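Hi there,

Here is the structure I promised to pass on to you. Have a look at it first, and then read my notes below.

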Amino acid sequence: MPHPFFRSPPLPITPCRSNHPSPRRIITYSVAGASKPSRDVSLLRRAADLADRSAGCTSPHPNFGCVITRGSSDEVVGEGFLYAQGTKCAELQAVEAAGELARGGVVYLNLEPGDCYGDHTAVSALVQAGISRVVVGLRHPLQHLRGKAIQSLKSEGIQVHVLGEDLQGRQYEEALKSCLTVNAPLLYRAAFHVPFSVLKYAMTLDGKIAASSGHASWVSSRLSRGRVFELRGRSDAIVVGGNTVRRDDPQLTARHGGGHVPVRIVMSQTFDLPEEAKLWNVLEAYTIVATQRGARKDLQKKLAAKGVEVIEFDILNPGDVMACCYDRDYLSVLWECGGGLAAPAIRAGVIHKVYAFVAPKIIGGSNAPSPVGELGMVQMSQALNLVDVSFEQIGPDMLISGYLQPIPDLFPMIPSANEIPSIDPTLSPYETNIISFYKTWDPFGAFSNFSAHPIEMPYENGERTMWPSVEHYYQAHKFVGVDSPVAREFVEKIKTANSPEEAARMGRRLQREHPKLVRADWERIKTDVMYRALKCKFLTYPHLNTMLRSTAGSVLVEASPHDLFWGGGREGEGLNYLGRLLMQLRSEVLQKEASSNFTLTQST
Ligand SMILES: NC(=O)C1=CN([C@@H]2O[C@H](COP(=O)(O)OP(=O)(O)OC[C@H]3O[C@@H](n4cnc5c(N)ncnc54)[C@H](OP(=O)(O)O)[C@@H]3O)[C@@H](O)[C@H]2O)C=CC1
Ligand SMILES: Nc1c(N[C@@H]2O[C@H](COP(=O)(O)O)[C@@H](O)[C@H]2O)[nH]c(=O)[nH]c1=O
């Protein structure tokens, strides 16, 4: 069976879309009749907005929007979006709407179409319509589809420009954001193998989600609750805890007139649930109760007789419930629980986004429930900071939303067969072996940053100093150069950590707890820091150098299942930067060797 890394079509290898030097030719975009980046940006955003119209309905498929302009002008001649899986694709709708005007036109797609076995409708529609150029917001996030449609379009002579690859620069950021946001659930699913989870709650200005009696209807206004119906309509499932069912007897349906009906999931350890509840009316929507194995079998039977599905877990927890939702192909889940369940869900790392409706009212009450229970944090510096935060006034309320975990941008992925030669010309894409390493005791474990190979590298003041491992050097450099005695203390602490593992733990913890002390350019320079350290390690130890050269012809992959940046991930979904840097270094070493042999042969 081919290794998963080879199942993907060509991909860029540049480490990030921002400041890293790129070996690729960057087209700032020039086509006959030259158009402006601003035109591409606004038309891509239009495609993303169109795609968003069917959010929730297409699941588990992504949301696709397509806009066609006449030639390279601004005039839109056809549009379409995928309404639901099994309906006419966006591209065909747009081509049909444009008719003859599509010939020579430019197409804007928020997402590369899934050009899969037996279904080439989207690509065929564009080819037959005589489109001259296609602008793609994102490559398809699923490995087996990524790049296929782009390749097919190119092979038909159509010019294809992909955001972040062929079209780079700050001016494209807004378009990229729109394309990422509209398919965020699929991107999280592809990157982390969990559904995209949103925690939503309504709280008073003094941070309560109910009165101390538990009464909660209503905290937020009718308008805000209308918005919640929309959020439900975008989700595949809504989760609450047993207490919310006992207290509120909720319906949890999308009552805004939208087409999509999410599944309702109750998480209850005790199964101490009412025999009669609105949620047990499965004619309205499907209901699942997730519970602890063996809990109240009698009631389980009664609810099952009403059509409620009961799923038992050995130990009920948010992570396993989300794994179950993933297996059922759910893309997005809305958590509408109280703080008692929201806290373990956050702790388990399954919550990606938060929607907080804040109502301008005060209820008080020292026992009144709050939106998030115990997280075990003791210092304000440990607080979780949301990113990409938005504020929106809805009637009298304020909706604050933001991401606890940023949308994973799957650009770039680990190298595919077609791009491998551009990383290392010694590799043959079709006969390449994979060499995986992870633990230091693996056959190629010395490639791990945890291997016990001290390196001598210049310190801040320029003096050379010994670092016990590459990991020590890398972790400490998060704080190097920061003008603060505390940051300097961190560097020393990490440098003298007892083991590479300890250095890694310490570096990650200090980075999380003290984000302000991390050097501002860290994300941009971290791959360079790593490369310097690796170079020093492999040039210092001749046997490591020999070992690295001996792998020529193989793809190196750090088989870390957890670290999706430096590692390759469980199924090849990681970016594998450690593997990439080692291959880059190997290429450098081999080239140097070849040129010195050449000089030697000439002089003899
Ligand atoms: N304003 C708002 O937005 C909202 C307000 N509320 C209000 O909040 C109050 C309820 O809050 P709260 O009790 O926190 O809410 P929940 O019932 O939503 O969550 C707690 C319950 O979740 C179940 N559970 C399952 N797995 C776990 C786990 N691993 N850890 C912890 N609990 C688990 C337990 O049910 P069991 O006991 O059955 O085992 C537990 O009692 C009510 O007054 C309700 O009206 C609720 C939702 C939203
Ligand atoms: N109280 C409260 C919310 N509470 C949430 O909504 C659920 C009730 O949904 P339904 O029965 O479908 O209307 C309830 O159980 C809880 O999860 N939501 C809000 O937007 N605003 C509010 O003020």
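Let's begin with one pair of residues: in strand β5, the bridge partner of R133 is Q159. Before we go on, please note that this is a predicted model, where local features need pLDDT of at least 70, side-chain atom pairs count only at pLDDT 80 or more, and totals for chains, interfaces and linings use all residues. Residues are numbered from 1 along each chain as its sequence is written, chains are lettered from A and ligands numbered from 1 in the order in which they are written, and side-chain values use heavy atoms, leaving out hydrogens and water.

Strand β4 (residues 133-138) runs parallel to β5, and four bridges join them. Strands here are DSSP runs of E with at least two residues, helices are runs of H or I with at least four, and both are numbered from the N terminus. Two strands pair if DSSP finds at least two bridges between them. β4 and β5 belong to an open sheet of five strands with mixed pairing, in the order β2-β1-β3-β4-β5. β2 (76-81) and β5 (159-162) each have a single partner strand, so one side of each has no neighbour in the sheet. From one strand to the next, the twist averages 15 degrees.

Helix α4 (residues 148-155) lies across β4 and β5, at about 150 degrees to β5. Such angles run from 0 to 180 degrees between N-to-C directions, with axes fitted to C-alpha atoms (for helices, over the stretch in contact).

**The nine-stranded sheet**

Another open sheet, also mixed in its pairing, has nine strands in the order β10-β9-β8-β7-β11-β6-β12-β14-β13. Its edge strands are β10 (309-313) and β13 (387-394). Inside this sheet, three bridges join the parallel strands β7 (residues 237-241) and β11 (residues 332-335), and I238 stands opposite L334 in β11.

**A helix pair**

Helices α14 (residues 485-495) and α15 (residues 500-513) pack at about 160 degrees, with axes 9 Å apart. That makes α14 roughly antiparallel to α15 (the term covers angles over 145 degrees). F490, K493 and I494 of α14 meet A503, M506, G507 and L510 of α15, where contact means heavy atoms within 4.5 Å.

**Cysteines**

C324 counts as buried at 19% relative accessibility, as does C536 at 14% (buried means under 20% relative accessible area, with a 1.4 Å probe and protein chains only).

Happy exploring!

Methods:
Parallel < 35°, antiparallel > 145°, perpendicular 65-115°, else oblique. Buried < 20%, exposed > 50% of the residue type's maximum accessible area, 1.4 Å probe, protein only.
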